[in-house]
Structures are given as structure tokens and as C-alpha cells.
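I opened this notebook to record what I looked up in the structure.

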Amino acid sequence: MGRVTVNSTLTVVSSKPVRQGLTHKLSGLDHAMGLHSIHMVVYYRNNPAPSFDLDPFRASLSEVLSMYPAVTGRLIRGEDRNWVVNCNDAGIRVLRATVGTTLDEWFRSADGDEERDLTVWEDMPQDPRIWSPFRIQVNEFEGGGIAIGLSCTHLHADPTCATLLLKSWSESHRREAITHPPFFHPSALAARPVPNTETKSADYYAAKSKAKPPSLKMATTTFRFSDSSIKRCLEEIHESCPDATPFDLLAALFWTALAPMKSPASDNKHSLSVSIDFRKLMHAPIPYGYFGNAMHFSLLSLDKEEIENGRLGNVTEHVRRHVSSIDEEECRSVIDWLESRKGEGGEYGAPFRMYGPELTCVSMEHMVIPRGCEAVFMDAKPVHIACHVGNVEGEGLIMVLPSPEEGLGRTVMVTLPEEQMAKLYKGQAILRLEPTVGNQQ
């Protein structure tokens with residue numbers, strides 16, 4: 001029996017009724033992400049009170065949900081058979097759970113699989129008209145400590161949206177202005193009158209849509225790198241890559257550590273799928289609060305010899321140049337390609353696994369960290385943030401997130417086939433940076 005026990009489930013609706021007949025159409029990018037789900041967990045240290053009072057938080061959540069009708073609604077099929085959110089007052093599910101251990105002991109002993117228990121999830125049923133696509137789980141630890149878990153379909157939103165929803169909730173609770181209110185209708189994601197599908201990105205998505213990655217048992221582990229360790233490593237590679245970001249460095253670090261465990265492609269190359277947020281890449285930037293999917297996946301391939309025997313600084317520079325080369329046209333061409341897959345009547349093509357089949361590295365460098373409430377939590381900042389993606393297959397997933405420590409510190413969540421994870425634990429290239437492995441604090 002697990003250590004997380006769900007004690008109650010309730011439904012929270014928005015404080016203001018939704019306008020009758022309001023709907024929200026999901027984009028081509030949204031539909032493409034339909035096989036995946038998002039599971040975020042934000043940990044806070046709670047004042048040592050007898051119990052955590054959920055009622056004030058439920059009231060502030062109700063207020064902020066009035067800004068998010070696409071969150072409280074339910075999925076239906078439109079006339080073209082594409083998914084549409086019927087923005088009604090159905091609300092979201094809020095679960096209250098207790099964890100049979102202290103927060104510190106949880107950090108010492110919980111693995112990625114058990115952490116998912118903090119975000120209980122039900123896959124979308126055949127008929128989702130009464131199914132809640134968003135769930136919040138408030139987990140109370142023995143002796144104080146709270147973990148707030150948010151789960152949602154990737155069909156609705158990307159990790160940036162999930163983070164901003166939690167951030168808006170915390171701002172609402174503190175009676176502060178919402179920094180990034182949700183925005184639902186970006187013209188940049190609409191079909192273009194003159195499409196362009198002759199790009200590397202469009203070709204990559206076409207290949208990805210046909211890939212059949214093997215189904216292996218996966219394991220997830222967290223690596224926490226301090227500000228000082230990242231700073232030291234960036235200084236070491238400065239001559240080869242003076243403009244490297246922590247993401248460039250960590251993508252290269254894990255790629256070079258994992259490549260020897262994986263077979264190169266037929267052209268003797270190793271490949272890395274790089275995912276970035278493109279909200280600010282557009283000529284007319286999409287508001288940061290855009291609610292929907294705005295992730296771009298691109299492929300970087302290097303010769304086997306350069307990855308397995310090359311210098312870290314050189315591989316980091318390859319990653320940096322690749323990320324810098326991604327422009328608006330590459331992103332827009334993917335939207336054009338997704339539109340070109342529509343069948344008769346305008347129905348989007350079937351979703352496919354966006355995370356894989358290659359090793360995938362996701363940059364969340366832009367992520368803002370939701371604060372807590374000073375009146376309830378010892379420290380308004382969370383002590384740890386985790387982000388899991390459901391239904392990951394292929395060579396694995398690396399997610400690089402800001403650390404609550406701030407500065408250059410980073411949290412890296414790694415999902416790999418089990419046998420490769422065991423080898424990664426022993427890799428000296430990573431261990432020399434002295435990361436905290438697991439959720440330990």
C-alpha cells in the first residue's frame with residue numbers, strides 16, 4: 001500500500017458564471033499533443049499547525065478560475081470532429097490527501113513513480129463530457145509540509161500554462177494583481193494563406209508522426225544542481241562556448257553521458273530532440289499568458305565520435321547554436337504542416353508521441369516559480385518543483401527547470417529506460433558537479 005491516501009474529492013467552480021454558449025477551440029498543436037499529460041508538483045514547508053485549512057485556498061482558486069473558462073469546461077467534439085472545450089461551470093476536481101511520512105523523509109526516499117501519487121490522474125475516457133481535464137491534489141505531510149499537485153491533459157495546455165495557473169492562484173490568494181492573465185486566441189497559431197511545409201522542422205514532425213518507439217519500463221529521477229556548480233562548469237567551458245546558458249550546458253552534459261548507452265542511427269550519428277517555448281520567438285510575440293501549447297521540437301544530430309569522445313564545451317556550443325537557429329518560420333511551418341494533415345471536413349490528424357523517439361531535452365528556462373502564501377507557509381518560495389510528462393516512450397526525456405534556489409541553479413528531471421538510469425547514477429561526468437540526486441533537500 002502506498003504512502004499517499006486520498007481522503008476526499010470535491011469540485012471547485014469559478015466564482016463568476018461562465019457566459020452561456022462560450023467555447024474554446026483547440027489548436028493543431030494542441031491536438032498533436034493529445035497522447036500526453038502533464039503532472040506538476042510544488043512543495044512548500046507549512047507552519048507546524050494541527051491541520052492545513054483548505055477553505056481559504058479553495059475560495060481564491062474559485063476566483064482565479066473565473067479567468068480560466070477553458071480549465072473548468074469539458075471536452076466535446078465540434079462539427080469538424082475536432083476537440084472543443086465547452087466552457088461551462090462544471091469546475092475542476094480538487095482532491096485532498098495525506099502522506100504517511102514527513103516531508104524530509106519523502107525527499108529522502110520517494111522515487112519518480114511514487115511522486116506521481118501526489119497527482120492522481122484518470123486518463124480521458126471515450127466520452128469525456130463529464131470528465132475533468134484538470135485536477136488539483138493538495139497533499140499534507142506528517143509534521144507539516146504541503147505538496148500541491150496539478151494534472152492536466154497536454155491537449156489543453158503545456159507546462160508553461162500549468163505553471164502560470166498555479167502562479168495565478170497564489171497571486172489571487174495573496175490579493176495581488178495577476179501578472180500573466182490567460183490569453184486564449186493568438187492569431188500567430190492560425191493557418192496561413194500561403195503555407196510553408198518545406199522546412200527541417202516540418203520534415204522532422206512528419207517523421208515523428210510515423211515513428212513507433214519501443215515500449216520500455218521507464219524510471220524517473222531528479223538531479224538538483226547548485227548555482228555554484230553550474231557557474232563553475234560554465235567557467236570551465238567558457239573558451240569553447242562563452243555564451244552558453246545553463247540549459248545548453250545541461251543538455252550537452254546529459255546527452256554526452258547517455259549517448260554511449262544508446263545505439264547510433266544508421267548514419268552513425270546520435271540525435272537529440274530539443275524542445276523550447278516559442279511564445280517570444282514570434283515577430284509579434286504571443287503573450288506569455290497564452291493558454292495552449294507553444295512548444296517547438298527540433299532535431300540536432302552529431303557524429304558518434306564527437307558525442308562520445310568530444311569535449312563538453314564543443315557539444316555545448318553545438319546545442320547553443322542549434323537553439324539560437326530556431327526562428328519564427330520554423331515554428332510557423334510546423335503549424336502549416338499540422339494544418340495540412342487535416343482530413344475531409346477539417347478534422348486534424350491523429351496525435352502522436354511528441355516526446356521521442358529520440359532522447360528529448362526540454363528547456364523550461366523561462367518558467368516562473370509560483371510563490372506560496374506567507375501567512376501559511378514558512379517560506380513563500382517552494383522548496384522543490386517537479387514536472388512529469390505522461391506517456392513518454394523512446395530514448396527518454398530530460399527536463400531542465402529553474403531551481404527554487406534561483407541564480408544559475410537548475411533542477412533536471414530525467415526519464416529513461418530503467419537499466420540506463422542505473423548506469424547514469426554512476427556517471428562521473430555528472431557526479432563531479434555534485435548534484436543532489438532524487439528529491440532530497
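**Entry on the model.** I noted that this is a predicted model, in which local features need pLDDT of at least 70, side-chain atom pairs count only at pLDDT 80 or more, and totals for chains, interfaces and linings use all residues. Residues are numbered from 1 along each chain as its sequence is written, and side-chain values use heavy atoms, with hydrogens and water left out.

**Entry on confidence.** I looked up pLDDT, the predictor's confidence in each residue, from 0 to 100. The protein averages 91, and 95% of the residues score at least 70. Helices (H or I, at least four residues) and strands (E, at least two) are DSSP runs, numbered from the N terminus. Confidence is lowest in helix α10 (residues 304-309), with a mean of 86, and highest in strand β12 (residues 359-363), at 97.

**Entry on α7 and α12.** In helix α7 (residues 200-210) I found Tyr-204, Tyr-205 and Lys-208 among the buried residues. Their cover includes β10 (269-277), β11 (295-303) and α12 (328-340); contact here means heavy atoms within 4.5 Å. Ten of the 13 residues of α12 are buried, including Arg-332, Asp-336 and Trp-337. The cover of α12 includes α1 (28-32), α7 and β11.

**Entry on salt bridges.** I searched for a side-chain nitrogen of Lys or Arg within 4 Å of a carboxyl oxygen of Asp or Glu. The whole structure holds 23 salt bridges.

Glu-140 and Arg-96 form one of them, at 3.4 Å from N to O. Glu-140 lies in strand β7 (residues 134-142) and Arg-96 in strand β6 (residues 92-102), so the pair ties together parts that are 44 residues apart in sequence. Glu-140 is buried at 17%, whereas Arg-96 is partly exposed at 25%.

Arg-174 and Glu-176 pair at 2.8 Å; Arg-174 is buried at 15%, and Glu-176 is partly exposed at 35%.

Are Glu-317 and Arg-320 buried or exposed? Both are buried. They form a salt bridge at 2.9 Å and lie three residues apart in helix α11 (residues 312-325), about one turn of the helix.

Lastly, I recorded a network of salt bridges that links Asp-158, Asp-277 and Arg-279.

Key:
Buried < 20%, exposed > 50% of the residue type's maximum accessible area, 1.4 Å probe, protein only.
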